[in-house]
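Reader: Could you take me on a close look at the strands of this model and the aromatic rings around them? I would enjoy one connected walk through that part.

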Amino acid sequence: MNGKVRMLFVVGCVACLTASSVTLGSLHHAAAPVDTRGELANRLQVAAYQGASNANVAKSNAQRPISFSLESYRAAANHAAGNGSWLSDLKPFVEYGYGHNRAKQRDGLTSNTHTVTGGASFKTFADFQAGAIFSIIHTGGDSSGVNGVDYSEDGFTATFFISKNIQWFYFGTSLTYGYSGGIARTKPAANRFRTKIDSNTLVVCPYVGAVYVNGPFSASVTPTYVYRYQDVAYRSGINNSTSEGISDGTFVLANTASYMVNEKFWVDFNFDYNQIIHENESKYAQGSTDRGWLTLGPKFTYCITETTHISLGYTATVANKDFENHQINVGLDFRF
């Protein structure tokens, strides 16, 4: 009788232990950490897109005031001094731009950017030239591979500048602020993670330059320094929200050659050398950055009327092992 009791007791203990192990195993499985490799892929791709030598509307807008300084040499009438008022020689403009960017690393992000830009320049006290430029930007892109990522971004920039022409020399500076909000999603259905990326960008761009004019031909050389700082925040339901500061300083030697075919039509050709002087990269950046490249391309301008001009420009980035950029701009500007 006692032997039977002991046998029943042992069987009962084994059954309880078996049930407990199954229950604990289920609980342990439920509490297992989530695979974050997919979410990390989002951050790696966006870090490459936000890289110092990548396409950036805030950086390009910061350099736009250089062209406003050169415009004053387009015709002899523009050499006349202002009337001393705070606002004269108003020149508003509007422009649409399409950009294509491709990261050259394996399975890198390929993106397309649409930009609508508007602004105006004017002469103010002591014949200084001032103005403002505003852009609205939409970017969409994706990458292939095992950890492929879809990316979309919307944002805006605001640039304010002041410059001065003295005979054949000019100098000035601009200040640009930009904000963008983007969403990155990994493509594989079994690894579909979503990351929200917010970026605040500040760009300062001082420059000096000189222009040479000989009949219908003119040429200019403009050395400038472009400093950019970005605060980038990453938010998702997978990893903790984090932020980081990215900065870089780029020396740009901007060169322009212009030829006025007739009073209504002229051609510009831009050839810029870019060299990153210093860079504080993203902690998600992979590999070294190609610090030097060229940007070049033509621009055609036609006078529809005496006060209305239409333009078409193309710019390409070459000689960079990390990325390639292509940019097309169609613009309309007015002279009052």
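**Strands and rings**

Author: Thr113 has Thr139, in β3, as its bridge partner. This is a predicted model, in which local features need pLDDT of at least 70 and side-chain atom pairs count only at pLDDT 80 or more, while totals for chains, interfaces and linings use all residues. Residues are numbered from 1 along each chain as its sequence is written, and side-chain values use heavy atoms, with hydrogens and water left out.

Strands β2 (residues 110-123) and β3 (residues 129-142) run antiparallel and are joined by 14 bridges. Strands here are DSSP runs of E with at least two residues, helices are runs of H or I with at least four, and both are numbered from the N terminus. Two strands pair if DSSP finds at least two bridges between them. In general, strands of a sheet pair through backbone hydrogen bonds, either parallel or antiparallel. In this model, 12 strands close into a barrel with antiparallel pairing, in the order β1-β2-β3-β4-β5-β6-β7-β8-β9-β10-β11-β12. On average, neighbouring strands of this sheet are turned by 15° against each other, direction ignored; axes are lines fitted to C-alpha atoms, for helices over the stretch in contact, and angles run from 0 to 180 degrees between N-to-C directions.

Now for the rings. The structure holds 12 aromatic pairs: rings of Phe, Tyr and Trp (its six-membered ring) pair if their centres lie within 6.5 Å, with planes under 30 degrees apart counted as stacked, over 60 as edge-to-face and the rest as tilted. Tyr49 and Tyr151 form a tilted pair, because their ring centres are 5.6 Å apart and their planes stand at 55°. This pair links distant parts of the chain, 102 residues apart: Tyr49 is in helix α2 (residues 37-49) and Tyr151 in strand β4 (residues 149-166). Tyr49 counts as buried at 10% relative accessibility, and Tyr151 does at 4%; buried means under 20% relative accessible area, exposed over 50% and partly exposed in between (1.4 Å probe, protein chains only).

Strand β4 also holds Phe161, whose partner Phe68 lies in helix α4 (residues 65-71), so this pair ties together parts 93 residues apart in sequence.
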